[in-house]
Amino acid sequence: MAGPLPIADPAPSDGLLPQQASEAAAERSFHAYVHIPFCRVRCGYCDFNTYTATELEGASQSDFAATLIREIELSSKILEESGLPKRAMKSVFFGGGTPTQLPAADLIGILTRLIDAFGLDDGAEITTEANPDNVGVDYLTTLKAGGFTRISFGMQSAVPSVLKTLERTHNPEKLPLVVGAAKTAGLETSVDLIYGAPGETLEDWRVSLEAAIALEPDHISAYSLIVEDGTKLARQIKSGLLPEPDEDLQADKYELADGLLKSAGFDWYEVSNWARRSELLDNRSAHNISYWQSQDWWGYGPGAHSHIGGVRWWNVKHPSAYSGKLATDFSPAAGRETLDERTRLEERILLEIRLASGLSTDLAKSVNPDAAKHIAGFIADGLVDAAEAIRGNLILTLKGRLLADSLVRKLLA
Ligand SMILES: C[S@@+](CC[C@H](N)C(=O)[O-])C[C@H]1O[C@@H](n2cnc3c(N)ncnc32)[C@H](O)[C@@H]1O
Ligand code: SF4
């Protein structure tokens with residue numbers, strides 16, 4: 001049986017954290033996520049917390065950096081008053097929405113204030129997401145000079161008809177230009193791909209993978225298209241205007257991705273993420289790894305989620321509600337939950353099984369008395385590496401990665 005639901009608390013208006021947040025904090029690393037909730041247009045498949053100019057209801061893009069800096073000041077006070085030790089940030093990630101909708105100076109202003117408040121670890125990773133449509137050489141050079149180390153482009157596909165179905169605004173020719181400019185600026189590069197757009201063939205997907213590899217980025221994410229309720233894409237599928245993604249074809253596409261990426265020198269390190277890695281080099285995203293290893297992060301901005309020591313909270317979603325709270329020095333947190341020990345262990349199972357570093361069999365057994373029986377089944381079915389499993393670590397095989405969710409369901413049943 002799955003464990004109890006997290007204990008839900010109202011988020012207090014002063015944002016102070018319960019004692020659990022500070023327990024063993026020195027053993028966890030600290031990271032910052034900054035949510036920039038603006039896009040020029042909304043892609044038909046996307047349900048991220050993002051707003052186009054007509055949806056802003058009075059909220060101002062030009063005041064956004066100053067508003068977000070108020071949350072940074074508040075967070076520094078809250079962490080200190082809640083008894084958390086001061087920890088330098090190991091990574092900062094600007095996501096969205098489209099962070100590059102803001103002037104580079106705004107992103108650098110936010111980063112600088114974060115560094116003033118918390119300090120930065122040597123070699124910290126500072127990433128921004130970007131839409132290939134709205135960055136140029138000057139912008140990227142300014143970001144690099146302002147402390148950014150890495151950029152992640154929403155490429156999605158290299159096939160014009162697929163980009164059209166996804167309602168992307170860029171064309172495939174844009175990618176070599178912006179990735180090249182980012183490299184010239186001295187930034188590490190990553191591209192996001194999506195597979196499974198209605199009408200996308202296996203051959204289309206091969207074209208996109210080969211185009212992504214030809215860009216020679218340091219990192220590639222490949223996400224299976226999720227048809228999110230309430231999106232335009234969901235409506236188009238429901239009304240029969242577009243076909244539903246086919247599960248078998250999706251599995252073929254995952255296998256093709258893994259094969260081509262592996263031959264090109266990219267190793268998977270999480271089910272949807274591949275990076276170049278050697279003794280001298282590690283292009284895995286330190287920020288994403290911090291999420292999957294349940295470290296501590298403060299999520300700044302509208303709708304952003306935070307996690308400190310098993311205490312999770314999330315901000316009000318709309319930028320105008322967010323700035324309204326901060327203008328009166330109230331915490332922008334809308335809700336909060338404090339996870340009990342069992343729920344924290346279950347979350348670790350859910351996240352760590354997706355990692356190439358693996359999930360400890362002891363952890364699985366501590367949550368489920370039938371885990372040993374399930375693990376024997378996984379080995380027999382070729383879903384986990386047998387030798388590693390015997391040594392106490394569950395590492396998914398390619399077949400296992402395709403069925404990761406069902407393995408988790410069994411381990412948590
Ligand atoms: C915030 S966007 C990246 C930056 C920029 N907004 C862009 O799209 O170019 C984050 C990534 O999430 C992925 N994504 C968004 N919605 C998705 C969905 N419904 N299914 C799968 N991937 C999705 C896309 O690959 C996208 O690049
Ligand atoms: S995928 Fe990116 S550009 Fe498209 S709506 Fe979502 S956040 Fe905006």
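**Close-up views of a predicted model**

**View 1. The residues around ligand 2.** In this predicted model, the shell around ligand 2 is made up of Cys-39, Arg-42, Cys-43, Tyr-45, Cys-46, Gly-97, Thr-98, Asn-131 and Arg-168.

View 2. Rolling a probe the size of a water molecule over the atoms shows where empty space is left. The structure contains one cavity of 30 Å³ or more, and the space within the largest cavity comes to about 50 Å³. The lining of the largest cavity is formed by Ala-11, Pro-12, Gly-15, Leu-17, Ile-78, Trp-298, Trp-313, Ser-331, Ala-333 and Arg-336, a set that divides into seven nonpolar residues, two polar residues and one charged residue.

**View 3. The buried side of helix H10.** Helix H10 spans residues 319–327, and Pro-319, Tyr-322 and Leu-326 are buried within this helix. These three residues lie on the same side of H10, because the arc that they cover around the axis is only 60°. The elements against which the buried residues of H10 pack are helix H1 (64–81), strand S10 (296–300) and strand S12 (311–315).

Conventions:
Residues numbered from 1 in each chain as written. Chains lettered and ligands numbered in written order. Predicted model: local features only at pLDDT ≥ 70, side-chain atom pairs only at ≥ 80, totals over all residues. Heavy atoms only, no water. Near = heavy atom within 4 Å. 1 Å grid on protein atoms, 1.4 Å probe; cavity = no way out; pocket = protein on both sides within 12 Å on 5 of 7 lines; lining within 4 Å. Points joined across faces, edges and corners; volume = space filled by probe spheres on them. Nonpolar A, V, L, I, M, F, W, Y, C, P; charged D, E, K, R; others polar. Buried < 20%, exposed > 50% of the residue type's maximum accessible area, 1.4 Å probe, protein only. Helix = DSSP H or I, 4+ residues; strand = E, 2+ residues; numbered from the N terminus. Arc of directions from axis to C-beta. Contact = heavy atoms within 4.5 Å.
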